[in-house]
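Please look over the sequence and the model below before reading on.

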Amino acid sequence: MKNALLRLRESCASLSPAEQQIARYIISNPEESTLLSVRQLAQRTFTSPSSVVRVCRSVGFEGYKELRRALVGELAALGETGRHPEQELTAGDSVHEIIKKVTQKNIQSLSDSQRLLAPDTVEQCAQLLDNCRSVLLFGLGSSLCVARDAYLKFLRLDKPCVINEDWHAQLLSARYATSRDVGIVFSYSGQTVEVIECMKAMKANGAPLIAVTRYYPSEVAKLADYNLYIAANESLFRNGAMSSRLAQLNVVDILYTTYASLHYEDTLRKLTLTHIYKPGEPEDAAP
């Protein structure tokens, strides 16, 4: 099921002012919007029916009727109006309130990201990784931390991976890539210039690209052959990249598990082989 409210929230910033007005109205009045015609919605938002249709198409729907049907199904599944409770941090928050709000935002980010992930795309990416020669990992800042997690996971299954903390080294590996390699790009914003340069180099060599990025019409999303979308409900301190980082890590776990399940018995053998025993730990404690 296409998630209309979630797609509207994630794409709102990329729309024109008139289109943002339409998107915000639907987000704020989801139940009412399911009862309105395209002309009625245009009148309520002081826009035009053509603007309503453009909004629908920009978030993956053929038109307003399809978006409205998806909205009905989404509201029924949520069992609520679809609006998230206000969880923004404020200057006077106690530690107890901070713990609650940050945790709830992280949970919401994971839940929303689950609804954005397409199972078919995850499966195709796992097959791509299974058949490739090596995996090249790209990311900067907090996204590099996620890339390192992916590196360690796939390395344990004896899948050749390349990761470099220096951007120039990332670019060099991209320029030497071939069609037998696969690139996995981590960029929540989808606008990281250095990562985009690496992607262009990979594309020029015919190497397929997987992007773990937000649901947004960004340059990273456009360049990727496969997009594993995430959502993020960041806190007041956005530069800390909190819920977006957790959402990216969750996608890595999903992709790793899907890949590992392709060769279940061999995966168990490799996990046992690479298990590092702790002092006093019995040998049968390995996975």
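Leaving out residues up to four places away in sequence, Gln-170 touches Phe-138, Gly-139, Leu-140, Leu-144, Asn-164, Glu-165 and Cys-198, where contact means heavy atoms within 4.5 Å. Gln-170 is part of helix α10, which covers residues 167-175; helices (H or I, at least four residues) and strands (E, at least two) are DSSP runs, numbered from the N terminus. With a relative accessible area of 1%, Gln-170 is buried. Buried stands for under 20% relative accessible area, exposed for over 50%, and partly exposed for what is in between (1.4 Å probe, protein chains only).

The model is predicted: local features need pLDDT of at least 70 and side-chain atom pairs count only at pLDDT 80 or more, while totals for chains, interfaces and linings use all residues. Residues are numbered from 1 along each chain as its sequence is written, and side-chain values use heavy atoms, with hydrogens and water left out.

For the protein as a whole, the count is 14 helices and 5 strands. The C-alpha atoms fill a box of roughly 65 × 50 × 35 Å along the principal axes. Of the 287 residues, 45% are buried. Among contacts between residues at least 6 apart in sequence, 70% join residues at least 24 apart. The protein exposes about 14,600 Å², of which carbon and sulfur atoms supply 54%; accessible areas come from the Shrake-Rupley method with a 1.4 Å probe, and for residues only the protein chains shown count as cover. There are 32 positive and 32 negative charges, and their mean positions are 7 Å apart. In this count Lys and Arg are positive and Asp and Glu negative, with His and the chain ends not counted; a charge is placed at NZ of Lys, CZ of Arg, CG of Asp or CD of Glu.

Next comes the interior. In soluble globular proteins, nonpolar side chains tend to be buried together. A nonpolar core is here a set of buried Ala, Val, Leu, Ile, Met, Phe, Trp, Tyr and Cys residues joined through side-chain atoms within 4.5 Å. The largest such core has 32 residues, and the members that touch the most others are Leu-129, Leu-137, Phe-154, Ile-184, Phe-186 and Leu-228. Two or more residues come from each of the helices α8 (119-131), α9 (142-156) and α13 (243-261), and likewise from each of the strands β1 (134-138), β2 (161-163), β3 (181-186), β4 (209-214) and β5 (226-230). Helix α13 gives the most, with 7 residues. Apart from this core lies another, of 27 residues, including Leu-5, Ile-26, Val-52 and Ala-231.

Leaving aside neighbours within four places in sequence, Leu-228 is in contact with Leu-117, Thr-121, Val-122, Cys-125, Ile-210, Ala-211, Val-212, Thr-213, Val-251 and Leu-255. Leu-255 belongs to helix α13 and is buried at 4% relative accessibility. Not counting residues up to four places away, Leu-255 touches Val-122, Cys-125, Ala-126, Leu-129, Phe-154, Ile-184 and Leu-228.

For Cys-56, the nearest cysteine sulfur is that of Cys-12, 13 Å away; Cys-56 is buried at 1% relative accessibility. For Cys-125, the nearest is that of Cys-132, 11 Å away, and Cys-125 is buried with a relative accessible area of 0%.

Lys-101 sits in helix α7, residues 95-116, and counts as buried at 15% relative accessibility. The C-alpha atoms of Lys-101 and Pro-119, 18 residues apart along the chain, are separated by 30 Å.

Some loop residues have backbone angles to note. Phe-46 is not a glycine, yet has a positive phi of about 55 degrees. Phe-46 is in the loop between α4 (38-44) and α5 (49-58) and is exposed, at 75% relative accessibility. Asp-158 also has a positive phi, near 65 degrees. Its place is the loop between α9 and β2, where Asp-158 is exposed with a relative accessible area of 58%.

Notes:
A disulfide is a pair of cysteine sulfur atoms within 2.5 Å.
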